[in-house]
There are 2 protein chains.
Amino acid sequence: MKEIKYGTITTPLGFRANALCCGIKKKKDLALIYSVICANAAGVFTTNRMRAACVDIDLLNLRRGRAQAIIVNSGNANCCTGQKGKKDAWRVVSALAKQLELEKEEILVASTGVIGKFLPVDKIVRSIPDLVDGLDFNKGKEAATAIMTTDTFSKQAAMEINIAGKKVQIGAMAKGAVMIRPDMATMLCFITTDANITSTALKLALKEAVDGSFNRISVDAQMSTNDSVIILANALARNPLICKQGRNLRLFTCALTFVCQKLARMIVEDAEGATKVIRILVAGARSNKEAKQAAYAVADSLLVKTMIAGANPNWGRIPAALGAAKVDFAAEKLKIALQKQVVYRNSAPGGIKREKLIKLLKKKEVEIDINLGSGKHEYSLLSCDLTCEYVRINTAYN
Amino acid sequence: MKEIKYGTITTPLGFRANALCCGIKKKKDLALIYSVICANAAGVFTTNRMRAACVDIDLLNLRRGRAQAIIVNSGNANCCTGQKGKKDAWRVVSALAKQLELEKEEILVASTGVIGKFLPVDKIVRSIPDLVDGLDFNKGKEAATAIMTTDTFSKQAAMEINIAGKKVQIGAMAKGAVMIRPDMATMLCFITTDANITSTALKLALKEAVDGSFNRISVDAQMSTNDSVIILANALARNPLICKQGRNLRLFTCALTFVCQKLARMIVEDAEGATKVIRILVAGARSNKEAKQAAYAVADSLLVKTMIAGANPNWGRIPAALGAAKVDFAAEKLKIALQKQVVYRNSAPGGIKREKLIKLLKKKEVEIDINLGSGKHEYSLLSCDLTCEYVRINTAYN
């Protein structure tokens, strides 16, 4: 298993991409991912009740577990747009299906951007012939750029594994920046692979990878309406078929998880206004659920996030957030370390010098280790600090 | 029932107060509230598991439902300080009891400020003789100032009611500013009354008043470790005894709720960095619990809070927050109004002009009305916007 540097969604065999500006924004805002043959496909989507029209279409089209193309626009989420929004999304799907000479069921669609505005569907449809014409295996990075909203860099990752002597590759791209605390999936992520894998095994692998990556990050505790992670597997690597169980599925899932974790981390690093990545590990919980609840209570505390932003040694905000988390623990057994330095143990301050703590908190990555002392379960996640820049961007973005 | 302008905790008969600087901060940081005779007393406290030592003492001392004095320090929360913290708080209580010639059980104590630092108990104990000597019915406002942390103004309210021809008064003071999303009580609030009321009736009235006021505000979704609302009732108004039921208890509860609501509103108005008060009403919910959950999901959304700060018409953030709230509703039945203008209805944007919405959002008070369309329950609360100033204060406060 090895990472492919500069790999993109067009790295695996048989995938093409393109991107252009159709006029929703003033820069590239429309991307297309295409497999030269129909692929097995799986997706994980937001659990937000106000999900966008595109999510509904994808859930429908993925029932057969097959797809050949994904079209994505940025600058407009096509969410809270009712029946008209649904028709608009279907118009995009139909136009692309016609141009590619495919069935509508073989097309997936995703949107990201402002909620509550109608999609400028004519602009998109008008651009589809050019979008298809320009499909190329060199345009992976351009597609990754076109799906960005307030992201400051494009996010890509790729891995290579060997299955029974055959080289199998996985390529992926994602966008993040804001409204990030996925529950089943996060923002937009598209993954391609030339692996020969059954649709059922693909679903299992994707679910596990997402649970271990995108479902463990939070930028601002806000679950998006358009979260989608979609994978296409076109079998062109000609490896022996990966089925429900066994070593090859484990290997594939492992590589997929690695790719997803890399992208998830990039999303946190590039979160709006963030200057630091915070890794939170909660151990000693009664259950996984409680460990997760405690971890998110700390991750999403504005006071913890601003404390980290300011390299502020006011660690008391961490136990205060934990205490309010409705999770079982006793204050006497709670142990908290910041940057591996104990700040709270045996019901009392850990005694680390204030100046030393400030110095350690100035690092770009901050680790918060918590032991609740009431069980054996643990949970880790990534979060980021909260700065004025986040506030500035979001008082203005519309 | 009428409001008393400029009323304080020393407005009701038989109450005295004092405040001074004992050296925790560079300004007044220690306050004392005293009733000339022992009073019936009740309190409502934080449900945070990491509650401060003073909360434990108050819960113990209030078991008999009687108290005569409350001592409060600002600048140090005496929380996460373990056994030493408890001993420290008891030392303060003992010293004050001795000076006032009372039993320790008749003293209540509260602290607010930084978490995780030991209380400078010698400074407090040394100041107690002066604190007691200076007790005066003119020092209510000074006490209200001494309990402030990052509050920018002191918070007081008072009411007068007539019970069977007798004038009964209620005076109160509170502090807020940050770490505000109470679950059973909020921050610090002290209430005095000369009402003649049983200890059981007093408890009932306080619980109802707090549920209708402090339990309906959120500044930053952070429940404090030291939240305390305490009331003393010394019976000096000589009204017929207010018991468990009946008209007089309803009247008293009504006045008490009014006082608490006034202070709760002041806490939101004076929240760190806030420039606007947001009133959120969720109607049409399946249950009170779901109405509350939906209201808090909107109130605590960073994206909604920054949107209001910027008079930003990006209303799609409200349905996005609701959709993630794990509350039952159908997108087709959801209705959302901002400043009484429908922005979302029948699964589609409400059609209000962008410029008009921006203009309306520039007002100092913003109303968000939500109807989930799935039941008959409702819940309202007060929140505030999120600005760079909040971030600035909390990257630095320690």
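This is a predicted model: local features need pLDDT of at least 70, side-chain atom pairs count only at pLDDT 80 or more; totals for chains, interfaces and linings use all residues.
**The interface**

- In contact (heavy atoms within 4.5 Å) are 59 residues of chain B and 59 residues of chain A.
- Chain B and chain A bury about 4500 Å² between them, and 61% of that is on carbon and sulfur atoms. Buried area is the accessible area (1.4 Å probe) that two parts lose on being put together, summed over both.
- Arg49(B), Met50(B) and Leu302(B) supply 14% of the area that chain B buries against chain A, more than any other three residues.
- The interface holds 16 residue pairs in polar contact, both residues at pLDDT 80 or more. A polar contact is a pair of N or O atoms within 3.5 Å; within protein, one must be able to donate a hydrogen and the other to accept it, and residues adjacent in sequence count only if both atoms are side-chain atoms.
- On the side of chain B that touches chain A, helix 8 (302–309), helix 9 (317–323), strand 14 (348–349) and helix 11 (388–396) of chain B each supply at least two residues. Helices (H or I, at least four residues) and strands (E, at least two) are DSSP runs, numbered from the N terminus.
- Helix 11 of chain B gives the largest share of that side, six residues.
- That side divides into 31 nonpolar, 19 polar and nine charged residues. Ala, Val, Leu, Ile, Met, Phe, Trp, Tyr, Cys and Pro count as nonpolar, Asp, Glu, Lys and Arg as charged, and the others, Gly among them, as polar.

**Salt bridges between the chains**

- The count over all chains is 39 salt bridges, each a side-chain nitrogen of Lys or Arg within 4 Å of a carboxyl oxygen of Asp or Glu. Between chain B and chain A the count is two.
- Arg49(B) pairs with Asp328(A), with the closest N and O atoms 3.5 Å apart. The pair runs from the loop between strand 3 (30–45) and helix 1 (53–61) of chain B to the loop between helix 9 (317–323) and strand 12 (335–338) of chain A.
- Arg49(B) is partly exposed at 39% relative accessibility, and Asp328(A) is partly exposed at 25%. Buried means under 20% relative accessible area, exposed over 50%, partly exposed in between (1.4 Å probe, protein chains only).

**Salt bridges within chain B**

- Asp270(B) and Lys155(B) form a salt bridge, the closest N and O atoms being 2.7 Å apart. Asp270(B) lies in the loop between helix 6 (247–269) and strand 11 (277–285) and Lys155(B) in strand 6 (residues 155–163) of chain B, so the pair ties together parts that are 115 residues apart in sequence.
- Asp270(B) is buried at 5% relative accessibility, and Lys155(B) is buried at 0%.

Methods:
Residues are numbered from 1 along each chain as its sequence is written. Chains are lettered from A and ligands numbered from 1 in the order in which they are written. Side-chain values use heavy atoms; hydrogens and water are left out.
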